Amino acid sequence: MTFDLATRLAERRAAHLYRQRPLLEGPQGSEVVVDGQALLAFCSNDYLGLANHPEVIAAMRAGAGRWGVGGGASHLVIGHSTPHHELEEALAEFTGRPRALLFSTGYMANLAAVTALVGQGDTVLEDRLNHASLLDAGLLSGARFSRYLHNDAVSLSKRLERAEGNTLVVSDGVFSMDGDLADLPTLCAEARSKGAWMMVDDAHGFGPLGATGGGIVEHFGMGLDDVPVLVGTLGKAFGTAGAFVAGSEELIETLIQFARPYIYTTSQPPAVACATLRSLELLRTESWRRDHLNKLIGRFRAGAAEIGLSLMDSPTPIQPLLVGDSERALQLSALLKERGLLVGAIRPPTVPAGGARLRVTFSALHSEAQLERLLDALAECWPQVNRDA
Ligand SMILES: *Cc1c(COP(=O)(O)O)cnc(C)c1O
């Protein structure tokens, strides 16, 4: 009589929180086929359009030919191969940090960094809107864990005053569901003044932000002393898979010695590292991708304001439309789908209660004409779901 899963699932459905996986029947791109329907998509994190880039594909093919498919073992045993090593050196150079360490996913990089740095007797302070992997890492660490108000240095400061032991302040760089930027100049100064370390997870900033795609730290010019622990993921703007932590020699050696999610897992396929080496080059050098994205973002915000959409305070390719109610967010997504557009409804617990939204994202692959199609459809559909709100 245990495990009444049917009731649990029924409750989730009744609350309009049930999740379904759209089946993608081809590669990422602006035009996709999902569940047999051709759709114009505004919901992937492939911001620079590198996930299906011919040169990145060729690098992965050549990598598999040379290095085989499987990583074969953990990095500490016999799974750390030349492409992994070269990618770490390239990422260190790219981020301007002494070293970088490669992980198979961002989720694991975050668990690894937080749990290796703080434990019982220490303190971890996180923005309340941080990515789930960072919040989970804080809980898993066993350190005293507290969440400060979003992007609020005063709220952080109060918690820093009561902090014990080694103290780690953790923030998304670009907030994944809101698209706004962490106020790093203020937050880092606050952390430094209290002797705490700042860790920034810039999964969504690397690529779109900074003159060479170096993310929020490049955008604000923050060095190693401001952000001793810098995390990036490779499955978003890099278009491949994996993640990295960049920092000092001692930080990286500490992770190699003590971070269980680093030690006890198989290395990523080396061919993926070969693909990322190529996509890193494209990300850094093809600044037209960032320029085009910024043009799309500017046009979308102006167009959305004209038709009265509730935009959030975001300068990034993440341009969520706040709806509030989960059922209405689902309705809006369904209405857009009837018009051939795919934009996912993001609901609690991914976002706070009452914060359901359409998470519109742009890619360098979107044309201006496609953007106008989105605005036209929103002008029609938005009033339909907000009429009796
Ligand atoms: C996507 C994401 C992650 C997880 O990265 P994966 O490589 O997909 O596991 C971590 N942090 C943030 C802020 C993210 O958006």
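**Close-up 1. The residues around the ligand.** Of the 14 residues around the ligand, the ones that come nearest are G106, Y107, D201, H204 and K236; "near" here means that a heavy atom of the residue lies within 4 Å of the molecule. This is a predicted model, so local features need pLDDT of at least 70 and side-chain atom pairs count only at pLDDT 80 or more, while totals for chains, interfaces and linings use all residues. Residues are numbered from 1 along each chain as its sequence is written, and side-chain values use heavy atoms, with hydrogens and water left out. Helix α5 (residues 106-117) gives the most to this shell, with three residues. Helices are DSSP runs of H or I with at least four residues, strands are runs of E with at least two, and both are numbered from the N terminus. Sorted by class, the shell around the ligand has two nonpolar, nine polar and three charged residues. For that sorting, Ala, Val, Leu, Ile, Met, Phe, Trp, Tyr, Cys and Pro count as nonpolar, Asp, Glu, Lys and Arg as charged, and the others, Gly among them, as polar.

Close-up 2. Look for pairs of N or O atoms within 3.5 Å, which is what a polar contact means here. In the side chain of H204, an N or O atom is 2.5 Å from an oxygen atom of the ligand. Y107 takes part through its backbone, with a polar atom 3.0 Å from a ligand oxygen. H131 brings a polar side-chain atom 3.5 Å from a nitrogen atom of the ligand. Taken alone, the ligand exposes 380 Å², and the protein buries 81% of that (accessible areas by the Shrake-Rupley method with a 1.4 Å probe).

**Close-up 3. The largest pocket.** About 1100 Å³ of space lies in this pocket. On a 1 Å grid over the protein atoms alone, a pocket is an open set of points with protein on both sides within 12 Å along at least five of seven lines, a cavity is a set where a 1.4 Å probe fits but cannot get out, and lining residues have an atom within 4 Å of a point. Points are joined across faces, edges and corners, and a volume is the space filled by probe spheres set on them. The pocket is lined by 42 residues, and Q20, P22, C43, G344 and A345 lie nearest its centre. Helix α14 gives the most to the lining, with four residues. By class, the pocket lining has 18 nonpolar, 15 polar and nine charged residues.

**Close-up 4. The largest cavity.** A search of the whole structure turns up one cavity of 30 Å³ or more. The largest cavity holds about 50 Å³ of space. Its lining includes H75, L102, F103, M108, Y262 and Q268. β3 (99-103) and α11 (260-263) each supply at least two lining residues. Five of the lining residues are nonpolar, six are polar and none is charged.

Close-up 5. E55 pairs up with R278 in a salt bridge, with the closest N and O atoms 2.5 Å apart. E55 sits in helix α2 (residues 54-67) and R278 in helix α12 (residues 270-285), so the pair ties together parts that are 223 residues apart in sequence. The structure holds 13 salt bridges, each a side-chain nitrogen of Lys or Arg within 4 Å of a carboxyl oxygen of Asp or Glu.

**Close-up 6. A cis peptide bond.** Going from P348 to P349, the peptide bond is cis, with omega near 5 degrees. You'll find P349 in the loop between β12 and β13.

How values were computed. Polar contact = N/O pair within 3.5 Å; in protein donor to acceptor, adjacent residues only side chain to side chain.
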